[in-house]
Amino acid sequence: MKAAALFEKKPVISFEVFPPKPNTPIESIYQTLDSLKDLKPDFISVTYGAGGSQAGASTCEICQTIQSKHNIPAIAHLPCINETKESVLEKLEDFREKGIENILALRGDKSPDKEPKTDFKHASELISFIRQNGSFDIAAACYPEGHPEAPDLDTDIMHLKEKVDAGASHLISQLFYNNHDFYSFCEKLVQKGINVPVEAGIMPVTSKKSIERMVSLCGASIPNRLAKLMARYSGDPASLKAAGLEYAIMQIIELIENGADGIHIYTMNNPDVARYIMEQIKE
Ligand code: FAD
């Protein structure tokens, strides 16, 4: 099923998982999916490590399992920074063979250790290329606080429009912790003529280490209320996790009340966290 059709029903609730890390048994992701399926997300997206070819194969296989075993639509992430046109064509062929119809087209992060390939400079070029080479439904990433490399939010939104004009049918946002950033971002998109559905990316704070790592990677800001919770429970991991989950639930409920097109939950392959959130937001 093409993901765009899911937005006829609002809000779409989706999950993100990642392929097992090299030192984690391959079965772990299948156990995670077995647990996630009962939560009935509208789709599950599977990341692809821009730096590794091994992860790419698993992204495709995991998407196939999500669809054929669990009957849930899957979206395969595809970063292009280390790809050539030939290698993308091979991946598209693999997706077609495995029945995968949805792609999240990305540039991928620049690595200081790896010179990027030159066929695709920006995600918009990948989107055009996929559009020319198949009938995939294409999603793209967006950044409510601006992409860290962009000089300002308006310039980033201008480039986001290029992705939508190239054929992205829906957007999934970077994680954020201040809903007002998301609301004002969505207003700007409408002003700039971007009218495709936008899912809000929510990553629950489950530990001090994980939040610090994510914030340093993506540059998301921490509002006072969350900073205070983190300071209060800094020596008490269990209470910090409980407070972090409550914060995510509060964010999601408010976003839904305010008409968000969808909520994309970064599950971090933790079905218990996803289950707790789903139970609370359905009440
Ligand atoms: P782009 O849209 O190409 O934008 C990157 C930067 O270039 C921005 O600053 C933009 O403003 C600028 N830009 C765009 N077009 C132009 C232009 N024509 N001229 C000048 N500047 C331009 N990474 C992975 O490796 N694997 C994953 O599975 C993955 N999943 C993700 C899922 C989500 C929901 C999100 C939000 C991010 C994900 N990422 C993933 C991270 C993503 O690859 C990085 O954020 C990356 O740095 C940018 O990717 P992009 O597709 O947004 O790039």
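How many bridges join strand S5 to S6? There are 4, and the two strands run parallel; S5 covers residues 137–142.

## Ground rules

This is a predicted model, where local features need pLDDT of at least 70 and side-chain atom pairs count only at pLDDT 80 or more, while totals for chains, interfaces and linings use all residues. Residues are numbered from 1 along each chain as its sequence is written, and side-chain values use heavy atoms, with hydrogens and water left out.

## The barrel

Back to that strand pair: Ala139 has His170 of S6 as its bridge partner. Strands here are DSSP runs of E with at least two residues, helices are runs of H or I with at least four, and both are numbered from the N terminus. Two strands count as paired if DSSP finds at least two bridges between them. On that basis, 8 strands close into a barrel, in the order S1-S2-S3-S4-S5-S6-S7-S8, with parallel pairing. Neighbouring strands of this sheet are turned by 25° against each other on average, direction ignored.

H3 (residues 85–97) goes across S3 and S4, at about 170° to S3, and H4 (residues 123–132) goes across S3, S4 and S5, at about 150° to S4. Contact here means heavy atoms within 4.5 Å; the axes are lines fitted to C-alpha atoms, for helices over the stretch in contact, with angles from 0 to 180 degrees between N-to-C directions.

## Around the ligand

The shell has 24 residues, of which Tyr48, Asp109, Tyr143, Asp156 and Lys163 come nearest (a residue is near if one of its heavy atoms lies within 4 Å). H5 gives the most, with 4 residues. S3 (74–79), S4 (102–106), H5 (153–166) and S6 (170–175) each supply at least two.

A polar side-chain atom of His147 sits 2.8 Å from a ligand oxygen, and an N or O atom in the side chain of His159 is 3.3 Å from a ligand nitrogen. Ala150 uses a polar backbone atom, 3.5 Å from a ligand oxygen. The protein covers 85% of the 990 Å² of accessible area that the ligand has on its own (Shrake-Rupley method, 1.4 Å probe).

Most residues other than glycine have a negative phi, and most peptide bonds are trans. Lys10 and Pro11, however, are joined by a cis peptide bond, with omega about -10°; Pro11 is in the segment before S1 (12–17). Met268 has a positive phi, near 50°, and lies in the loop between S8 (262–266) and H10 (271–282).

Notes. A polar contact is a pair of N or O atoms within 3.5 Å; within protein, one must be able to donate a hydrogen and the other to accept it, and residues adjacent in sequence count only if both atoms are side-chain atoms.
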